[in-house]
Amino acid sequence: DRQKHIRNFSIIAHIDHGKSTLADRILEMTDTIAKRDMQAQVLDDMELERERGITIKLNAVELHYQAQDGETYIFHLIDTPGHVDFSYEVSRSLAACEGALLVVDAAQGVEAQTLANVYLAIDDDLEIVPVINKIDLPSAQPDVVKAEIEEMIGLDASEAVLASAKSGIGIEEILEKLVTDVPAPTGDLKAPLKALIFDSIYDSYRGVVLNVRVFDGMVKVGDKIRLMNNGKEFEVTEVGVMSPKAVKRDFLMVGDVGYITASIKTIQDTRVGDTVTLADNPAAKALDGYRHIQPMVYSGMYPVDNAKFNDLREALEKLQLNDAALEFEPESSQALGFGFRCGFLGLLHMDVVQERLEREFNLDLIMTAPSVDYHVDLTDGTEVVIDNPSEMPETSNISEVKEPYVKASIMVPNDYVGAVMELAQRKRGEFVTMDYLDTYRVNVIYNMPLSEIIFDFFDDLKSNTKGYASFDYEVTGYRPSDLVKMDILLNGESVDALSFIVHRDFAFERGKAIVSKLKETIPRQQFEVPIQAAIGNKVIARSTVKAFRKNVLAKCYGGDITRKRKLLEKQKAGKKRMKSVGSVEVPQEAFMSILKMN
Ligand code: GDP
Ligand code: MG
């Protein structure tokens, strides 16, 4: 029967090892997409994904495969991102599957996110099919990589498929392995409906579209569904699958991965990880759902135009449906007005959220300097958690400030171990251990403050190791540190949205750096703008943005009109992410100066 012919799997790997390209070949081989409609990384359909060449969102598609045993199988393939900031997308994808294709680059070998992602799959008891990709490369070393998979992950790699997603080698072998090695979904067609919401998206016509994996029973158009988390009920208006465009179906049944629409207009009603059941014949118990994911970094998000506050709220609510790791709550800033404090999994995530809000919801936004959260013990014995530096209590009320620490694992060829250690030391890292992965690669473990990791560690790591290092981290707890709050004053006034927390040893150096960075980024105004960095009442660095001298257009005097127009347009574009703080116009880059202080 049908259920026996279903195979659900995710493709997981370190970034750039070829997941999306392998998905392309599988779609082609199964005629899901005609050759003429094919483009590289076709599942990366978000504009931002194509521009950056990375996968940001999971993507589930249904395809049909005629196997060597003569039977036709229904595959649900979920392509996933590789970047550490999007690992929540990976873990949610895995919960919808019975198997995972583990793709490892034949020239790079096992990297930090290979391990992180395969452990997620192992925790979910998935059948793992190892694929060694890019064997077409002259530098490919499939045997070395096989040995790494066995030693580092403990998987039997003797049967690993040798593939090239680029040249189409090994694709059929992969499809056959999915048929033979990945189990068909278990679950009972006759039981009450249980479908896991693993993703969702807001559609202005159809309302909330739920992406689900059906674990028991079936659902069809006209059914009355119930969301088990809050008991809300809706009538199903459409069900279907992505292939890769939406294709309507009469029903979704046990084992299927597809979508449901039910005119759900109130966004707050739906939650990723919730279970959908039938109102008339409800399941007794909801599925396990997902663990809550804690943001790593926080930033204030403000509309450039204060009147757009409600638009921003609506946009955040809609985006949150499609980005389950995003958190936000209202806050206000003296400098910027009303906005939201948002929590992200990292700076790439933060950047993607800002871009998506601006593109998909047509908003102009200013984001404040990102910060981790701090646990502050007060002298009265209470503890407060601060995710906004401007809310740091008076020094006289603080007995101790604790900051989040991570265990960072850095994989690197042994030639670069010295460079990695030097960098980690400079970032307040504390050496833990060093293990040889094979004869020439090493895994170096450090305890480090999360803030040092988030801000520029990865870029520095890449440049210090010529791109050979990969790394992963997990938060392990909070530790006391000698931290101080740095205030930034523009024109004599403290700007709350620019203040940040820094280790005392770095305070002087960073104060100087940020002042000179701000001097570069803040454009000249009609008047002189003094910039100061201060700890408490003590100014530790200062500089001045000189006043304007001449009008921009003066340069074009007598010049042709198109040049003038271009200049004006350039100015306008530059203005987009600019906000008046008191009397000073401050551009977006200024708020990010904290990230570029090296
Ligand atoms: P993902 O980040 O894992 O989704 O990786 P992509 O599919 O986006 O591929 C990353 C890069 O590797 C792209 O430039 C691909 O063209 C390239 N690539 C993928 N598979 C192969 C392969 O089998 N051989 C070679 N030579 N390049 C490949
Ligand atoms: Mg990809």
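**A loop residue and what lies elsewhere**

Mentor: S263 has a relative accessible area of 43%, so S263 counts as partly exposed. That value falls between the limits of 20% for buried and 50% for exposed. The model is a predicted one, and what follows should be read as such. S263 sits in the loop between β15 (257-261) and β16 (275-278). Its backbone deserves a check: S263 is not a glycine, yet its phi is positive, at about 45 degrees.

With 24% relative accessibility, K134 counts as partly exposed.

Another backbone feature concerns a peptide bond. The bond that joins S243 and P244 is cis, with omega at about -10 degrees. P244 is placed in the loop between β12 (238-242) and β13 (246-249).

Next comes the metal site. The magnesium ion (ligand 2) has S20, through OG, and T55, through OG1, as its protein donors, at 2.0 to 2.1 Å. S20 belongs to helix α1 (residues 19-29), while T55 is in the loop between α2 (47-52) and β2 (59-66), so the pair ties together parts that are 35 residues apart in sequence. S20 counts as buried because its relative accessibility is 9%. T55 counts as buried too, at 10% relative accessibility.

Helix α1 leads on to a helix packing. The axes of α1 and helix α6 (residues 171-181) are 10 Å apart, and the helices pack at an angle of about 85 degrees. The angle makes α1 roughly perpendicular to α6, since 65 to 115 degrees is the range for that class. On the α1 side the contact involves L22, R25, I26 and M29, which meet I171, E172, I174 and L175 of α6. Sorted by class, this contact has 6 nonpolar and 2 charged residues, with no polar ones.

The last stop is E358, whose place is in helix α8 (residues 347-360). E358 is at 11% relative accessibility and therefore counts as buried. A polar atom of the E358 side chain lies 3.0 Å from the backbone nitrogen of L365.

Notes
Residues are numbered from 1 along each chain as its sequence is written. Chains are lettered from A and ligands numbered from 1 in the order in which they are written. This is a predicted model: local features need pLDDT of at least 70, side-chain atom pairs count only at pLDDT 80 or more; totals for chains, interfaces and linings use all residues. Side-chain values use heavy atoms; hydrogens and water are left out. Helices (H or I, at least four residues) and strands (E, at least two) are DSSP runs, numbered from the N terminus. Buried means under 20% relative accessible area, exposed over 50%, partly exposed in between (1.4 Å probe, protein chains only). A polar contact is a pair of N or O atoms within 3.5 Å; within protein, one must be able to donate a hydrogen and the other to accept it, and residues adjacent in sequence count only if both atoms are side-chain atoms. Donors are N, O and S atoms within 2.8 Å of the metal (3.2 Å for Na, K and Ca); water is not among the atoms, so sites may look incomplete. Axes are lines fitted to C-alpha atoms, for helices over the stretch in contact, and angles run from 0 to 180 degrees between N-to-C directions. Angles under 35 degrees count as roughly parallel, over 145 as roughly antiparallel, 65 to 115 as roughly perpendicular and the rest as oblique. Contact means heavy atoms within 4.5 Å. Ala, Val, Leu, Ile, Met, Phe, Trp, Tyr, Cys and Pro count as nonpolar, Asp, Glu, Lys and Arg as charged, and the others, Gly among them, as polar.
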